[in-house]
Amino acid sequence: MSTGMNINIAHPPDLLKKLSRAEIDHRIIEAEEKLSDSLLILGHHYQRDEVFKYADATGDSFALAKIAAKTSAEFIVFCGVHFMAETADIITLTGQKVFLPNIEAGCSLADMADIKKVEEAWQEISANTGDRNIPITYINSNVELKAFCGRNGGIVCTSSNARSALEWAWRKGDRVLFFPDQHLGRNTAYKMGIPLKRMVMWNPEQPHGGNLPEKISRSKIVLWNGYCDVHQHFSKEYVDYLREKYPDINIIAHPECNFEVAQSADYMGSTEYIIKKVRESARGTKWGIGTEKHLVNRLQKQFPEKEIYFLQDYGPECETMSSIRQIHLLFQLENLVECNMINQVSVEDKIKKYALIAINRMLDL
Ligand code: SF4
């Protein structure tokens with residue numbers, strides 16, 4: 001997982017597992033009341049409903065990072081995944097504490113780039129092409145990569161602001177090293193008019209990342225070869241099938257989807273963008289949505305007057321995010337009531353300092 005320190009890892013005891021849903025619900029509400037204003041629960045859109053319903057604020061990783069930066073709550077319980085809790089710890093003040101109710105909730109995409117390999121790639125690309133390279137890390141990344149961007153004139157981005165981050169970077173330099181999600185980088189850069197032939201993919205297991213050095217020199221963006229498993233379940237074939245069945249359907253895809261899916265969609269954007277588009281659409285409109293199951297299921301329930309479909313014949317789930325259950329939240333809150341700081345996510349000061357530089361650049365975009 002990540003290098004952010006996980007302090008006092010603890011899991012719910014068997015005794016709690018015997019409680020009924022109603023008992024768990026009652027005890028969570030009781031703990032929330034006791035913790036009152038000292039507590040802020042954040043819920044990501046991909047979270048299960050059984051946990052999401054307790055969130056004081058919901059959003060995508062960008063929206064939640066901005067809320068975490070503003071809150072004065074002492075305890076921030078992050079119902080998301082590990083990198084989100086790390087980001088919250090970086091941008092909150094000393095004295096505020098961030099908790100991840102199940103410390104196992106990681107992100108497979110974030111795990112696809114590690115600092116050693118990124119530093120090797122950076123050195124080679126810089127030696128090959130000169131100094132005007134800018135690193136950008138997607139927020140779905142290990143905190144050390146955010147610190148790397150802070151130290152090397154780079155920036156963090158989310159799926160909401162990847163375009164602004166790329167514009168910012170290309171104003172400062174000639175070429176971007178974008179990690180860990182190749183699809184967000186490729187889909188966004190292509191929309192900005194960068195042709196595919198000016199993009200290269202970096203495979204850290206191959207010499208020169210699997211490229212001819214001249215091709216790297218000509219490139220505008222070097223894409224790390226990471227991807228989100230969840231968003232690879234969608235296919236252009238299924239988009240074609242939906243279009244044939246429902247000729248007036250609107251297809252909307254998250255930028256973590258592959259290039260073919262993104263190209264065949266009518267719209268592309270972050271989860272916040274997807275929700276806004278569907279919410280603001282007319283009654284009776286049809287939507288094929290390429291993102292995680294819990295968000296799409298929630299939209300189906302929220303807007304029964306619209307027809308909403310997955311971009312596959314099932315809804316793919318972010319299993320790590322889903323590993324936070326109602327019982328984990330209960331265990332977390334009752335421990336906080338007892339002043340037991342379990343499952344705290346805390347980033348070392350020396351890493352935090354540089355990661356904050358790259359995050360603040362993003363928040364200033
Ligand atoms: S949906 Fe993909 S990118 Fe998002 S948290 Fe899950 S594994 Fe990571």
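Q: Which residues of helix α13 are buried?
A: In this predicted model, the buried residues of α13, which spans 271-279, are T271, I274, I275 and V278.

Q: Why are they on the same side of α13?
A: Because they cover an arc of only 95° around the axis, they fall on the same side of the helix. An α-helix has 3.6 residues a turn, so residues three or four places apart point the same way.

Q: And what do they pack against?
A: The buried residues of α13 pack against β11 (250-253), β13 (286-290) and α14 (293-302).

Q: What sheet is β13 in, and in what order do the strands run?
A: An open sheet of four strands, ordered β12-β11-β13-β14, with parallel pairing. β12 (267-268) and β14 (307-310) each have a single partner strand, so one side of each lacks a neighbour in the sheet.

Q: How many bridges join β13 to β14?
A: Four. In that pair, K286 stands opposite E307 of β14.

Q: Switching to β2: how many of its residues are buried?
A: Six of the six residues in β2 (39-44) are buried, so the strand is largely enclosed by the rest of the structure. L39, I41 and G43 lie on one side, and L40, L42 and H44 on the other.

Q: Which strands are joined to β2?
A: Five bridges join β2 to β4 (75-79) in parallel, with L39 opposite F75. Three bridges join β2 to β3 (57-59), also parallel, and G43 has T58 as its bridge partner there.

Q: Last one: what residues are around the ligand?
A: Among them are Y46, C107, N140, E292 and M321. The shell divides into eight nonpolar residues, three polar and one charged.

Key: Residues are numbered from 1 along each chain as its sequence is written. This is a predicted model: local features need pLDDT of at least 70, side-chain atom pairs count only at pLDDT 80 or more; totals for chains, interfaces and linings use all residues. A residue is buried if 20 or more other C-beta atoms lie within 10 Å of its own, exposed if 12 or fewer, and partly exposed in between; C-beta atoms are placed from the backbone. Helices (H or I, at least four residues) and strands (E, at least two) are DSSP runs, numbered from the N terminus. The arc is that of the directions from the helix axis to the C-beta atoms. Two residues are in contact if their C-beta atoms, placed from the backbone, lie within 7 Å. Two strands pair if DSSP finds at least two bridges between them. A residue is near a molecule or strand if its C-beta atom, placed from the backbone, lies within 6 Å of it. Ala, Val, Leu, Ile, Met, Phe, Trp, Tyr, Cys and Pro count as nonpolar, Asp, Glu, Lys and Arg as charged, and the others, Gly among them, as polar.
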